[in-house]
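This briefing goes through one protein model by topic. Please keep the sequence and the 3D view at hand while reading.

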Amino acid sequence: MVLIRYDGGKICYQYSILMRQGDRQNNINQGSDAMSQDRIAVEKIIKDFLRAVNSHGIKVDRAFLYGAHARGEANETSDINLIVISSDFSKMPAWRRWEVLGKAVARITEPVEPLAYTPEEVEALMKQEGNFIRHILPQPETIEYQL
């Protein structure tokens with residue numbers, strides 16, 4: 001899996017740090033084992049989730065991790081917040097998108113909170129002031145995932 005920082009439609013650099021805030025001190029004192037284990041665990045959950053979405057006939061074009069896990073501030077109660085972008089979502093109403101994502105979450109039984117968008121919806125939202133997508137995607141801590 002490739003981790004890439006997203007910046008206004010441009011791939012900027014490889015992003016490899018994903019850990020909880022409390023693990024930063026542990027990482028300094030005890031090496032990178034805690035960071036690596038947390039990062040690997042979250043990456044595995046995301047990869048499993050994206051595969052579960054694919055198993056429902058949805059080809060994921062792009063997925064973005066945002067929130068506490070992306071900022072390195074996650075704790076044991078933090079959800080894994082994902083924006084899932086697929087052209088296949090254009091063929092279905094919102095309730096069907098939620099159903100597909102809900103089934104994928106149920107399949108992996110992990111705390112993933114996904115949102116579904118088409119590429120066209122994201123493009124339009126990026127041009128509009130004051131919306132969630134335009135705020136989240138350009139953040140330096142937002143991480144793009146690709147299978």
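**Salt bridges and the wider fold**

Glu-73 and Arg-71 are joined by a salt bridge, with 2.9 Å between their closest N and O atoms. A salt bridge here is a side-chain nitrogen of Lys or Arg within 4 Å of a carboxyl oxygen of Asp or Glu. The model is predicted: local features need pLDDT of at least 70, side-chain atom pairs count only at pLDDT 80 or more, and totals for chains, interfaces and linings use all residues. Residues are numbered from 1 along each chain as its sequence is written, and side-chain values use heavy atoms, with hydrogens and water left out.

**Charged pairs**

- Nine salt bridges are found in a search of the whole structure.
- Side chains of opposite charge can pair when their charged atoms come close.
- Glu-73 is partly exposed at 40% relative accessibility, and Arg-71 is partly exposed at 36%. Buried means under 20% relative accessible area, exposed over 50%, and partly exposed in between (1.4 Å probe, protein chains only).
- Another salt bridge brings Asp-48 and Lys-44 together at 2.7 Å, N to O. Both residues belong to helix H2 (residues 33–55) and sit four residues apart, about one turn of the helix. Asp-48 has a relative accessible area of 27%, so this residue counts as partly exposed.
- Asp-88 and Lys-91 also form a salt bridge, with their closest N and O atoms 3.6 Å apart. Asp-88 is buried at 17% relative accessible area, whereas Lys-91 is exposed at 70%.

**Overall layout**

- The protein has six helices and six strands. These are DSSP runs numbered from the N terminus: helices are H or I with at least four residues, and strands are E with at least two.
- Along the sequence the pattern reads β-β-α-α-β-α-β-α-β-α-α-β.
- Of the protein's 147 residues, 44% count as buried.
- Among contacts with a separation of 6 or more, 66% are between residues 24 or more positions apart. Contact means heavy atoms within 4.5 Å.

- Strand S4 (residues 80–85) is mostly covered, with six of its six residues buried.
- Ile-80, Leu-82 and Val-84 point one way from S4, while Asn-81, Ile-83 and Ile-85 point the other way. In a regular strand the side chains alternate between the two faces of the sheet.
- S4 pairs with S3 in the antiparallel sense over five bridges. Two strands pair if DSSP finds at least two bridges between them. Val-84 in S4 is the bridge partner of Ala-63.
- S4 and strand S5 (residues 112–117) run parallel and are joined by six bridges. Leu-82 has Pro-114 in S5 as its bridge partner.
- A right-handed β-α-β unit is made by S4, helix H4 (residues 94–108) and S5. A crossover is right-handed if, with the strands pointing away from the viewer, the path from the first strand over the helix to the second runs clockwise.

**Buried positions and the aromatic pair**

- Phe-49 lies in helix H2 and is buried at 0% relative accessibility.
- Leaving aside neighbours within four places in sequence, Phe-49 is in contact with Leu-82, Val-84, Leu-101, Ala-104, Val-105, Ile-108, Val-112 and Pro-114.
- From Phe-49 to Glu-110 the C-alpha distance is 8.6 Å, although the two are 61 residues apart in sequence.
- Ile-143 belongs to strand S6 (residues 143–146) and is buried at 0% relative accessibility. Its C-alpha atom is 9.4 Å from that of Arg-71, 72 residues away along the chain.
- One aromatic pair is found in a search of the whole structure. The ring centres of Tyr-66 and Phe-132 are 5.4 Å apart and the planes meet at 75°, so the pair is edge-to-face. Rings of Phe, Tyr and Trp (its six-membered ring) pair if their centres lie within 6.5 Å; planes under 30 degrees apart count as stacked, over 60 as edge-to-face and the rest as tilted.
- This pair links distant parts of the chain, with Tyr-66 in strand S3 (residues 62–66) and Phe-132 in helix H6 (residues 132–136), 66 residues apart.
- Tyr-66 is buried at 11% relative accessibility, while Phe-132 is partly exposed at 36%.
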